[in-house]
Amino acid sequence: MALTAYAVARLHNLYAVVMLAGIYSLLAAVMFVVLDAVDVAFTEAAVGAGISTVLALGTLALTKSREKTPRHTRILPLAVCGITGAALVYGTLDLEHYGDPSAAPHHHVGPEYLARSIPDTGVPNVVTSVLASYRGYDTLGETTVIFTAGVGVVLLLGSWRRKEDDDA
Amino acid sequence: MSDLINTVLGLYNYWIVIFLMMCGFYIVVAHDNLIKKLVGLNIFQASVFVLYITFGKVSGGTAPILGEAFHVYSNPLPHVLILTAIVVGVATTALGLALVVRINEAYGTIEDDEIHSQDDEP
């Protein structure tokens with residue numbers, strides 16, 4: 001994953017960049033399987049690697065597929081990234097280690113969901129029961145976001161605007 | 001010494017995440033091409049997803065699908081949050097790409113600095 005991300009930063013051919021981004025998403029999905037998040041891996045593979053790549057390729061078809069070599073220096077962004085990264089690494093020193101069962105996130109509502117999923121909802125897949133039942137409003141809001149984004153895309157690219165342009 | 005190795009192994013995942021995050025950040029900040037900026041944004045986003053899922057992992061646990069044979073599960077809450085985030089992320093990407101298409105129609109370019117120089121011309 002790190003290698004793909006680095007390659008994306010270096011390449012100037014946008015087709016290659018978009019395909020690499022797809023590979024990156026797929027690798028992320030593999031990582032989610034390793035980390036026990038099968039539902040997330042499923043979504044990432046379908047949505048991240050699939051739909052995003054198709055959308056980006058469609059955009060490339062409508063625009064240009066080569067990036068121009070930038071004129072200004074890259075030292076400042078590199079320095080900013082380096083400093084931010086170093087600060088973040090310093091921050092991780094206090095975090096619980098990977099897979100530690102006594103870590104703080106595992107002592108809040110997580111175990112509660114695991115214990116009550118079957119009696120409350122009868123769904124063995126806890127991710128599903130939390131998504132659709134305990135946090136149903138969240139999912140409803142998410143649907144609204146997608147709807148808004150869809151409306152936005154249609155308004156931006158819709159054919160009615162082209163007709164107006166033709167008339168003018 | 002074994003303490004040090006333990007620390008490095010325990011935090012290794014976070015460091016990978018931070019590297020990816022900074023890659024994405026760098027692409028967004030340093031590149032002028034709008035499509036590349038969006039790809040960078042996606043990389044940043046995916047790194048945050050990996051970070052959350054890492055928080056949810058419990059060693060020796062399985063995926064949070066209840067069954068007779070298992071007793072230790074990974075934390076389902078981060079999974080749910082990230083499921084929502086992935087879908088919202090695609091929605092924003094789609095909107096961003098649509099904007100790029102419109103910008104290309106209006107300016108004939110998708111390079112940030114060229115758009116600015118066109119705007120500066122009277």
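**Two chains and their interface**

B:E105 is partly exposed, with 40% relative accessible area. This residue belongs to a predicted model, and its side chain meets that of B:R102 in a salt bridge, with 2.9 Å from N to O. B:R102 is partly exposed as well, at 23% relative accessibility. Both B:E105 and B:R102 sit in helix 3 of chain B, 3 residues apart, which is about one turn of the helix. Over all chains, the structure holds 1 salt bridge.

Next comes the interface. How many salt bridges does the rule find across the interface of chain B and chain A? The number is 0. Polar contact across this interface comes to 1 residue pair, with both residues at pLDDT 80 or more. Four elements of chain B each give two or more residues to the side that touches chain A: helix 1 (2-30), helix 2 (34-56), helix 3 (76-107) and helix 4 (112-120). Of these, helix 3 of chain B gives the most, with 23 residues. Sorted by class, the side of chain B that touches chain A has 47 nonpolar, 19 polar and 8 charged residues.

The size of an interface is often given as the accessible area lost when the parts come together. Between chain B and chain A, the buried area is about 7,200 Å², and carbon and sulfur atoms give 74% of that area. Within chain B, the residues that lose the most area to chain A are B:Y26, B:K57 and B:L66, which together account for 9% of what that side buries. Counted by residues, the contact takes 83 from chain A and 74 from chain B.

A:S52 has its place in helix 3 of chain A, residues 38-62. Is A:S52 buried or exposed? Its relative accessible area is 10%, so A:S52 counts as buried. Apart from neighbours within four places in sequence, A:S52 is in contact with A:V47 and with B:V90, a residue of chain B.

A:V154 lies in another helix of chain A, helix 7, which covers residues 136-157. A:V154 has a relative accessible area of 53% and is therefore exposed. Along the sequence, A:S52 and A:V154 are 102 residues apart, while in space their C-alpha atoms are 17 Å apart.

The last topic is cysteine. A disulfide is a covalent bond between the sulfur atoms of two cysteines. How many disulfides does the structure hold over all chains? The count is 0.

Methods:
Residues are numbered from 1 along each chain as its sequence is written. Chains are lettered from A and ligands numbered from 1 in the order in which they are written. This is a predicted model: local features need pLDDT of at least 70, side-chain atom pairs count only at pLDDT 80 or more; totals for chains, interfaces and linings use all residues. Side-chain values use heavy atoms; hydrogens and water are left out. Contact means heavy atoms within 4.5 Å. Buried area is the accessible area (1.4 Å probe) that two parts lose on being put together, summed over both. A salt bridge is a side-chain nitrogen of Lys or Arg within 4 Å of a carboxyl oxygen of Asp or Glu. A polar contact is a pair of N or O atoms within 3.5 Å; within protein, one must be able to donate a hydrogen and the other to accept it, and residues adjacent in sequence count only if both atoms are side-chain atoms. Ala, Val, Leu, Ile, Met, Phe, Trp, Tyr, Cys and Pro count as nonpolar, Asp, Glu, Lys and Arg as charged, and the others, Gly among them, as polar. A disulfide is a pair of cysteine sulfur atoms within 2.5 Å. Buried means under 20% relative accessible area, exposed over 50%, partly exposed in between (1.4 Å probe, protein chains only).
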